[in-house]
Amino acid sequence: MTTATTSLPRTLTRDLSRHDGQTVRLQGFVHARRDLGGVQFVVLRDVSGLTQCVGSGLSLPLPESSAEVIGRVKAHPKAPGGYEVQVESFRVISAAVEAAPVEIPKMEWNVNPETMLDYRVVTVRGLRERAALKVQAELVAAFRDHLGTEGFTEISTPKIVSAGAEGGANLFPIDYFGHQAYLAQSPQLYKQIMVGVFERVFEVAPVYRAEEHATSRHLNEYLSLDVEMGFIEDEEDVMSLENRLLAAIMTRLRERAAAEFALLGATIPEVPAHIPRVTLLDARRLVTEKYGHAVGGKDLDPEAERLLSQHYAETEGSDFVFVTKYPRAARPFYAHPEVNGDGSLNGEVTRGFDLLFRGIEITSGGQRIHDHAMLMDSIAAYKLSPESLEGYTEVFKYGMPPHGGFAIGAERLTARLLGIANVRYARAFPRDRHRLTP
């Protein structure tokens, strides 16, 4: 290899069309290989796609080895992207020492998910897997960018806490130098405190739920996109913000992730200028009367969520619907009660809401209690320990404004956008009740 050749800058697959007839240097992973009677085909995978490379007399390593190809670009209608590279030089950068446990070009999401996840260090390299994570990265970037335009400040809150933000037993206990502590199940209490500092705040961080579920829609560790805003009139201000935020996210996905959606055969939804609203009581009545589905419990069960979303997709063309006015029994202690027309409080209903997207809940939010006396009464009504929440309740002695917010599960939204049946495929290294590795 001559000095002139080694001085070539690296070219990515996505840029091959700009180098037709030129010599380029590619670096990537051996995605696939074939030997047809002395003519060898190597498909090289880099961060931007696949390149078919054609040569002869090549000593080909195992798939997933990293390699360098130097060769001339030539248009070819049957090659990925419409161009192939005729190999002049082939060099193994780092050889795989054994065959990969899963053939990446042949992977599909309908195979045994445990097999795919057991070998995640390799399977995460797959084109579909990578596409899902790319979409999520763009989604999170859009979340940050849009909130910045609306005057929000990003914060970082503790993930080791002394008490749960939402009560209940779904906490992972840890030993903290001889004291009982927990992994945070939500940044809720801290982001409310920070409303008193910046008025509008958000956080992108993992949260932990010690729930012994084994479903396709739950994780025990997931990326939570949290928002809290002060000086609101009611929960409508919060829902309107999320409406604008989702529209901005989808705009960025169209601009920056269209190829990934095309690869996965998924469509980016239109976000209505005003996402439909329906009270929980009316939602339960609707799915019972229209679809004959009797809803149990205090909330909507998964089938009711699916049917309600179906109704709004058919009648209003919306993939989104806000379910509002949740009962107190279905909301945490800090949920603000509904205010009656005469100004009195409705002790049975809150200003809490959920957002459904294509048949599944992706957001929980609402207005929070900001009055200290009301908050202390609520803590007592929920039979929580005032002492354990003292670090949180103290700030409400000092003029907290009306405020509210919401949280979006990044993996669940990603999975729903892309039609991924199991949310674990929407996280690089998922954690569920049975999985601590890799």
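Buried means under 20% relative accessible area, exposed means over 50%, and partly exposed lies in between, using a 1.4 Å probe and protein chains only. R358 counts as partly exposed because its relative accessibility is 21%. This is a predicted model, in which local features need pLDDT of at least 70 and side-chain atom pairs count only at pLDDT 80 or more, while totals for chains, interfaces and linings use all residues. Residues are numbered from 1 along each chain as its sequence is written, and side-chain values use heavy atoms, with hydrogens and water left out.

Now the overall fold. The protein has 12 helices and 18 strands. These are DSSP runs numbered from the N terminus, with helices (H or I) of at least four residues and strands (E) of at least two. The C-alpha trace spans about 85 × 55 × 40 Å along its principal axes. Of the 438 residues, 49% count as buried. A contact means heavy atoms within 4.5 Å. Among contacts with a separation of 6 or more, 65% come from residues 24 or more positions apart.

Next, the interior. In soluble globular proteins, nonpolar side chains tend to be buried together. A nonpolar core is a set of buried Ala, Val, Leu, Ile, Met, Phe, Trp, Tyr and Cys residues joined through side-chain atoms within 4.5 Å. The largest such core here has 58 residues. L225, M250, L253, F261, L417 and L418 have the most contacts inside it. Beyond its neighbours within four places in sequence, L418 is in contact with A132, V135, F261, L264 and A266.

V73 sits in strand β4, residues 66-75. V73 counts as buried because its relative accessibility is 2%. Leaving out residues up to four places away in sequence, V73 touches L16, H19, D20, G21, Q22, V24, Y83, E84 and V85. V73 and E84 are 11 residues apart in sequence, and 5.9 Å apart from C-alpha to C-alpha.

Turn to the second largest pocket. On a 1 Å grid over the protein atoms alone, a pocket is an open set of points where a 1.4 Å probe fits, with protein on both sides within 12 Å along at least five of seven lines; lining residues have an atom within 4 Å of a point. The second largest pocket holds about 310 Å³ of space. Helix α4 (127-149) gives two or more residues to its lining, as do β3 (49-56) and α7 (258-263). The most come from α4, with 4 residues. The lining includes L127, R130, A131 and K134.

D432 follows α12 (410-418) in the chain. D432 is buried, since its relative accessible area is 14%. Its side chain makes a polar contact with the side chain of R424 at 2.7 Å. A polar contact is a pair of N or O atoms within 3.5 Å; within protein, one must be able to donate a hydrogen and the other to accept it, and residues adjacent in sequence count only if both atoms are side-chain atoms. The D432 side chain also reaches the backbone nitrogen of H434 at 3.0 Å.

Finally, the backbone. Most residues other than glycine have a negative phi, and most peptide bonds are trans. E199, in the loop between α5 (188-198) and β10 (200-208), has a positive phi near 70°. R358, in the loop between β16 (352-357) and β17 (360-368), has a positive phi of about 50°. A cis peptide bond joins T437 and P438, with omega about -5°.

Conventions: Grid points are joined across faces, edges and corners, and a volume is the space filled by probe spheres set on the points.
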